[in-house]
Amino acid sequence: TTTSTFEPNRTLNRGMWVTMLYRMAGSPAISGTEDFTDVDASTWCYDALLWASRNGIVNGFTDGTFKPDQAVTREQLVAMLFRYWTSTGGDGSVTGDLSGFSDAEEVSGYARDAMAWAVETGLIGGSNGRLLPASGATRAQTALILQRFAAWMGM
């Protein structure tokens, strides 16, 4: 969050997450404009959001917003990571099973395959038998997911 602090217990927001994915991709040059109604070129995560939108990693909300400062939910985080992976050529077929989690039915339809993939690959393991799909994630929890993702990818 600064050059000398990480704030591991701080809740990760949507802008932070797309910025992390963008940096993991090497911060590629991108041009154009973004159509989300709540961001413009002065938004702190604009380049990352433009990249993520152009690569099908983010879709935003039905009202045309992205809400970069809103806490990213676990299902949103996993869905974006899954889309990032498939945008790099990763296999989008999923065989994972969520039935072992008591709150599996709470996972939104758009995130079901991504959540099953994250469980299947060991990126997430749940908490006390629950996935907590609508809960936020801390920066430390997200760093662990990224560490697992990098190891799984052989990075």
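**View 1. The whole chain, and how much of it is tucked away.** Buried residues (under 20% relative accessible area with a 1.4 Å probe, protein chains only; exposed is over 50%, and partly exposed is in between) account for 42% of the 155 residues in the protein chain. This is a predicted model, so local features need pLDDT of at least 70 and side-chain atom pairs count only at pLDDT 80 or more, while totals for chains, interfaces and linings use all residues. Residues are numbered from 1 along each chain as its sequence is written, and side-chain values use heavy atoms, with hydrogens and water left out. The chain has five helices and zero strands, running α-α-α-α-α from the N terminus. Helices here are DSSP runs of H or I with at least four residues, strands are runs of E with at least two, and both are numbered from the N terminus.

**View 2. Overall size and surface.** The C-alpha atoms sit in a box of roughly 45 × 35 × 35 Å along the principal axes. The radius of gyration is 15 Å, which agrees with the value near 15 Å for a compact globule of 155 residues; this radius is taken over C-alpha atoms, and the globule rule is 2.2 Å times the number of residues to the power 0.38. Carbon and sulfur atoms hold 48% of the accessible surface of about 7,800 Å², worked out by the Shrake-Rupley method with a 1.4 Å probe. Among contacts (heavy atoms within 4.5 Å) between residues at least 6 apart in sequence, 72% join residues at least 24 apart.

**View 3. The largest nonpolar core.** A nonpolar core is a set of buried Ala, Val, Leu, Ile, Met, Phe, Trp, Tyr and Cys residues joined through side-chain atoms within 4.5 Å. The largest one here has 41 residues, and W17, V58 and L81 touch the most other members. Two or more residues each come from α1 (14-24), α2, α3, α4 and α5, with α3 giving the most, eight residues. Zoom in on V58 and, leaving out residues up to four places away in sequence, you'll find contacts with V18, F36, L49, A52, S53, F66, M80 and R83.

View 4. P133 belongs to the loop between α4 and α5, and with 1% relative accessibility it counts as buried. Skipping residues up to four places away in sequence, P133 touches T73, R74, E75, D103, E106, V107 and M115. The C-alpha atoms of P133 and Q76 are 8.1 Å apart, although 57 residues separate the two along the chain. Q76 is part of helix α3 and is buried too, at a relative accessible area of 11%.

**View 5. Two loop residues with positive phi.** Most residues other than glycine have a negative phi. K67 isn't a glycine, yet its phi is positive at about 60°. Look for K67 in the loop between α2 (46-54) and α3 (74-87), where it counts as partly exposed at 28% relative accessibility. N128, also not a glycine, has a positive phi near 55°. You'll find N128 in the loop between α4 (112-120) and α5 (139-153), and N128 is exposed, with a relative accessible area of 78%.
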